[in-house]
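Opening my notebook on a structure that is new to me. I'll jot down what I look up as I go.

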Amino acid sequence: MKKGVQLAKRLYPSLSTILNLNASTHSLLSSSPWWSASQHRGVKVNAIHLRPGNVIEKSGRVYQIVESEHKQRGRGGALMQVELRDVDNGNKVSLRFGPEEPVERVFVEEKSFTCLYTEKNTAFLIEPETFDQLQVPLDLFGKSAAYLKEEMKVTLQLYDGRPLTASVPKRVTCTIKETQTPMKGVSATPRYKKALLDNGVTVQVLQVCT
């Protein structure tokens, strides 16, 4: 926590004079005015338009969509196979909908944060306007968690004050630490080689012939 306070003060010099950072600053953010997200229910969409990350209400329960797949059943017609996560208890369920079946979608609030640092399986974030700090599991970022860096602007999706998903900017800057030995010879088609980035992620890059 001390590291987070130091980074926060460096990012926001006025923080020291605005806030007296103590244990109460890092308490549950449910007490913060902005933390009560404004949700909108009653918007019906056809099941074929459901996408991962969407939040829906079904039989009095609120679910976040993990996966949505359009399947063809031959003469039986098409259906949507949807994997859902219960927002309240985290349990996963699998449901089927007709492509044109109306589903009640719940819209969530998006909020911007700044990443202070990551430690083990947790990301420590700060809200740039109120200076409230928040700890969220790296799992919320999915595979993009590997690209998190200090001072990076990130976005959280919130439902009733609870972070559901998190995302990093669409474009991030990384440094290539090493690359695979290039293949020799001339090829009519583009060739790619493996490159190791400074965050430990391996990607494919275009091989330039010299």
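Which residue in β10 is the bridge partner of E110? I looked it up, and E110 has Q157 as its bridge partner in β10.

Before going on, a note on the source. I'm working with a predicted model, where local features need pLDDT of at least 70 and side-chain atom pairs count only at pLDDT 80 or more, while totals for chains, interfaces and linings use all residues. Residues are numbered from 1 along each chain as its sequence is written, and side-chain values use heavy atoms, with hydrogens and water left out.

**Entry 1**

I noted the terms first. Strands (E, at least two residues) are DSSP runs, numbered from the N terminus, and two strands pair if DSSP finds at least two bridges between them. I also reminded myself that strands of a sheet pair through backbone hydrogen bonds, either parallel or antiparallel.

I then traced an open sheet of 5 strands in the order β9-β8-β7-β10-β11, with antiparallel pairing. Its edge strands are β9 (133-137) and β11, each pairing on one side only. From one strand to the next the twist averages 45° (axes are lines fitted to C-alpha atoms, and angles run from 0 to 180 degrees between N-to-C directions).

Next I went through the pairs. β7 (residues 109-119) and β10 (residues 153-159) are antiparallel over 6 bridges. Besides the E110 and Q157 pair, I found F113 opposite V154 in β10.

On to β8 (residues 122-126), which pairs with β7 in the antiparallel sense over 5 bridges. Here Y117 stands opposite F124. β7 and β8 form a hairpin with 2 residues between them, and K120 in the turn has a positive phi of about 55°.

β10 and β11 are antiparallel too, over 5 bridges, and Q157 stands opposite T165 in β11.

**Entry 2: the three-strand sheet**

I also looked up an open sheet of 3 strands, ordered β12-β13-β14 with antiparallel pairing. β12 (176-179) and β14 (202-206) are the edge strands, each pairing on one side only. Neighbouring strands here are turned by 40° against each other on average, direction ignored. β12 and β13 (residues 192-197) pair over 3 bridges, with E178 opposite L196 in β13.

**Entry 3: the largest pocket**

I wrote down the definition: on a 1 Å grid over the protein atoms alone, a pocket is an open set of points where a 1.4 Å probe fits, with protein on both sides within 12 Å along at least five of seven lines, and lining residues have an atom within 4 Å of a point.

The largest pocket has a volume of about 250 Å³, a volume being the space filled by probe spheres set on the points. I got 13 lining residues, with Q64, D139, L140, L164 and T165 nearest the centre. β3 (61-72) and β11 (162-167) each supply at least two of the lining residues, and β3 gives the largest share, 3 residues.

Where does the largest pocket lie? Domain 1 (42-106) and domain 2 (109-167) both give residues to the lining, so the pocket lies between them. The domain bounds come from an automatic or database domain assignment.

**Entry 4: salt bridges**

My search of the whole structure finds 7 salt bridges (a side-chain nitrogen of Lys or Arg within 4 Å of a carboxyl oxygen of Asp or Glu). One of them joins E104 and K44, the closest N and O atoms being 3.9 Å apart. E104 lies in β6 (residues 102-107) and K44 in β1 (residues 40-46), so the pair ties together parts that are 60 residues apart in sequence.

How values were computed:
Helices (H or I, at least four residues) and strands (E, at least two) are DSSP runs, numbered from the N terminus.
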